[in-house]
Amino acid sequence: IGIAAIVAQHFGVPVVFASAVGGDAFGQMLLAGCREAGMDTSCMLVREGARSGSYISIMDDANDMLIGMSDMDVLGAVSPEHIRRMAEKINACGVCVTDANLEPRTLEALCEAARVPVFLDTVSCAKAFIGCFDTVKPNRMELEALTDIPADTEAGLRRGCEVLLQKGVRRLFVSLGAEGLHYQDAEGRVIRRASRPFPMVN
């Protein structure tokens, strides 16, 4: 979600960045960087004594992830109560973008509080209330986990998307790794785009 915030800010879209960081050097660096970029950090929580979130992934020669490891315990500080306190800020925005590193009960509270479209970069923990989200961006494995439908064929991919659309999701962007992207929406549009080769940067 940090990447989404950076891209939005780059194109001149005002950003309210709401998350939690530790009181460590990484947390202070993140806050300073966000403020320098012009982001509103008034909804950020700082947990003294906690580690800021971190993530590392190992990619193969096709740029597909082989393994990923993360430490996001600090995000437990973003509680349903904090979401409700932020509701006015959330609803003053045009759209709310989140991921599933938040606890399920916090994601549910976000869906209840938001009066604007909520976009989810998903994992399967949101399965029970996936229909609350306007736009969802799973990969192929996450789509299978959300629908219990194999997505290794074009037909299976479309069926899985249709299940989520019937639950209330309006737009789906399914990442297919080296194969590109599958888009499907509630208006019946289906678009497939091949990926563009790009050099890996360590």
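Student: How many aromatic pairs does a search of the whole structure find?

Tutor: The search turns up 2 aromatic pairs. Keep in mind that this is a predicted model, where local features need pLDDT of at least 70, side-chain atom pairs count only at pLDDT 80 or more, and totals for chains, interfaces and linings use all residues. Residues are numbered from 1 along each chain as its sequence is written, and side-chain values use heavy atoms, with hydrogens and water left out.

Student: Why is the pair of Phe 129 and Phe 133 called tilted?

Tutor: Rings of Phe, Tyr and Trp (its six-membered ring) pair if their centres lie within 6.5 Å; planes under 30 degrees apart are stacked, over 60 edge-to-face, and the rest tilted. Here the centres are 6.2 Å apart and the planes sit at 40°, so this pair is tilted.

Student: What makes Phe 133 count as buried?

Tutor: Buried means under 20% relative accessible area, exposed over 50%, and partly exposed in between (1.4 Å probe, protein chains only). Phe 133 has 0%, so buried it is. Phe 129 comes out at 9%, so that one is buried too.

Student: Is Phe 173 buried or partly exposed, and why?

Tutor: Phe 173 has a relative accessible area of 29%, so it's partly exposed. Tyr 183, with 11%, is therefore buried.

Student: Why is Ile 58 called partly exposed?

Tutor: Its relative accessibility is 44%, so Ile 58 is partly exposed.
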